[in-house]
Amino acid sequence: MPGESFRFIHASDFHLERPLGDLDQLPPHLRDALADSPRSAAAAVFDAATADNIDFLVLCGDLVNPSTAGPHAMALLLDGFEKLHAKKTPVFWSAGVADDPQRWPDAAPLPPNVTLFPKDRAIAVPVQRSGRTICHVIGRSSDGRSTLHVPGYRIDPVDEYTVAIGHGSAEAAALAEGHFDYWALGGRHNRQEIEQGANAAAVQCGTPQGRCLQETGPHGYCVVDVDSDQTTRVHQVECDTFRYCHEQIDAAEVIQVGTLKNLLGERIARLAHENGGRQLLVGWEINVATAEHLSAIGDPDETLRWLRREYGHGTPAAWSIALTVNPPRQFPKSWNDEDTILGDFLRAAAKHRENDSRELNLLPFTEEHDIGQPGGLPTTTSSLLAEIAASDRGRLLDQATLLGVDLLRGGKPQLVQKS
């Protein structure tokens, strides 16, 4: 049967209580703006919900942790709710882990237009316009599990369009068992469309503002338009003010272009064009396939300082967070065979790489330092050295090998003969 056309906004994972990383090295004019960017992105969601012609707002968890958030963050959320209440716009909130409804303070009452779903059961709420039901919203707050429990969303069949909202991950087959028209999901900070998860669409909308190099690319919220014949169109609206980018470079490209700085400048110009004038936070990774290409890379620390001076203070800025060089897996055999400290070092590195599953404890190398004392190593540093995560061991060994080769050869190896 033909139904009513309607529109709603789907947003999630504001994390207003959580500051962004990478603030310590930023210049002051970027530091203040980056610190405020999660609030600016969340405010953009409420501004759109207030200004646009929408019928309701769907929020899928981890908006704010009231026990750790400051008054500014709580005020932003509650003021947004009040503005929508003044427009008689319903808000449907499926809480996550950070915004556990059982911990919501009594001193911050929610206006009557906000439905905060319980943790122990799903509730179906009809959405009405001019006395007619246009759809049903079915929601349940997270019970702490990272995986969504779809069987807990069962409701009696209805003729109208159904929007199910929740916080957590789930495979398409599990979501499809709910037989809903649209799954509005939260919990993942990067946007994802889950094909065949619902009759119309199943979407993890992502956070409105990325927070680290694992959250690269555009971030924002979704505007969902449903026609009278239940055709669904999902539009992503970008509202992030800072954008994280992870750029990989092959050392062979450097040789083709001429210099590393030329190539880095070209990449930054392209990123600025592709990302619409946003402030950029860039992590660089340079892959070196053969030792012969190392000389084309130069000193990574000096290059990082140059990148920050050259591109990190403009408007908009492209601030380089880090520049990592991944060395070749094999150095020249003649180096390994040397009866020198360098040869001993490379043979030891190769042995460690063959046994990369072995636990790595660097704490004994700190015996000459006073841990936790003024002028000594911080306790947190010693803890990190005592237990290196398995996922970090290979990268740590690569960087240590590259540094050792650099020092033991008296600087960066000059392998390319100059004419």
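Helices here are DSSP runs of H or I with at least four residues, numbered from the N terminus. I'm working from a predicted model.

**Helix α2**

Then I checked the length of α2, residues 71-86. With 16 residues at 1.5 Å each, the helix should span 22 Å, and its end C-alpha atoms sit 22 Å apart, so the two agree.

Next I asked which residues of α2 are buried. I found Ala73, Met74, Leu76, Leu77, Leu78, Gly80, Phe81 and Leu84. I also looked up what they pack against: α1 (28-51), plus the strands β2 (56-59), β3 (91-93) and β4 (114-116).

**α1 against α2**

On the α1 side the contact is made by Asp36, Arg39, Ala42, Ala43, Phe46, Ala49 and Thr50. From α2 I noted His72, Leu76, Leu77, Gly80, Phe81, Lys83 and Leu84. By type, the contact residues are eight nonpolar, three polar and three charged.

**Leu346**

My last stop was Leu346, which lies in helix α8 (residues 341-354). Is Leu346 buried or exposed? Its relative accessibility is 4%, and the cut-off for buried is under 20%, so I put Leu346 down as buried. Setting aside neighbours within four places in sequence, I listed its contacts as Phe331, Trp335, Asn336, Thr401 and Val405. Val405 is 59 residues away from Leu346 along the chain, yet their C-alpha atoms are separated by 8.0 Å.

Definitions and conventions. Residues numbered from 1 in each chain as written. Predicted model: local features only at pLDDT ≥ 70, side-chain atom pairs only at ≥ 80, totals over all residues. Heavy atoms only, no water. Helix = DSSP H or I, 4+ residues; strand = E, 2+ residues; numbered from the N terminus. Expected span 1.5 Å × (residues − 1). Buried < 20%, exposed > 50% of the residue type's maximum accessible area, 1.4 Å probe, protein only. Contact = heavy atoms within 4.5 Å. Nonpolar A, V, L, I, M, F, W, Y, C, P; charged D, E, K, R; others polar.
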